[in-house]
Amino acid sequence: SDRLASARTLSFSGFVGEESPSRLGPPLLYTTKYAVTVQRPDKLRIVSPGDGPATELYYDGRSLVAFAPKENYVATTAAPATIEAALDLAFDKAQIYYPFVDLIVADPFKALSEGLRVAFYVGESNTVGGVRTHVIAYANDHAFVQAWIGADDRLPRRLRAIYRKDPLQLRHQMDITDWKLGEPVAAGAFAPPEAAKKALPIPFDRPQAAAPAKKP
């Protein structure tokens, strides 16, 4: 947590697998890839192709832009002055959430330890991320989490969670690669692409359920 908190810039790739119930009973697995770039305290870019619609999020300290390239929609809203506050706004206003939020806030340890009930050391592993890792497990008010942390670089390589209120105990796993801390970020990295500027504007709001179709 200290290493993540002290990095002015950081980037990584996150590969997330989430189980979802199937009609047959056993869960299906849906995967998403995230390319994340952070420049503290007020810049963030998240590009995420996956098994569902691709999405892109851009934050430059003044505005939040959510872009759906396939659908050609863009939503923009004024944003507060920090990454943490901007992510809170994205969740509260538009239900936008990312599984790695605790890793990119200003104080990762505070975020990870709030509501902590128990934590214990599992052992070492040499099979995750191509490096030797320490394996820990912890439970808080929301989830039971198993984490693989690099033994030498102290960077998270895998997180696996089951949410406490989920009666099906579905599993969520994120592998994290391509860590870069403290490296320069290209100018304009946090500005939306030209395609977003030409997309159809829609409200930055919660997704609306479609009205049920009338029976013929």
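How exposed is Asp-175, and what is its relative accessible area? Asp-175 is partly exposed, at 23% (buried is under 20% relative accessible area, exposed over 50%, partly exposed in between, with a 1.4 Å probe and protein chains only).

This is a predicted model, where local features need pLDDT of at least 70, side-chain atom pairs count only at pLDDT 80 or more, and totals for chains, interfaces and linings use all residues. Residues are numbered from 1 along each chain as its sequence is written, and side-chain values use heavy atoms, with hydrogens and water left out.

**View A. Asp-175 pairs up with Arg-158 in a salt bridge.** Their side chains meet at 2.6 Å, N to O (a salt bridge is a side-chain nitrogen of Lys or Arg within 4 Å of a carboxyl oxygen of Asp or Glu). The pair ties together distant parts of the chain: Asp-175 sits in strand S11 (residues 171-181) and Arg-158 in strand S10 (residues 156-163), 17 residues apart. Strands here are DSSP runs (E, at least two residues), as are helices (H or I, at least four), numbered from the N terminus.

**View B. Arg-117 meets Asp-141 in a salt bridge.** Look for 2.9 Å, N to O. Arg-117 is in the loop between H4 and S7, while Asp-141 is in the loop between strand S8 (131-139) and strand S9 (143-150). Arg-117 counts as exposed because its relative accessibility is 58%; Asp-141, at 35%, is partly exposed.

**View C. Here's the salt bridge between Arg-132 and Glu-124.** The side chains come to 2.9 Å, N to O. Arg-132 is partly exposed at 33%, and so is Glu-124, at 47%.
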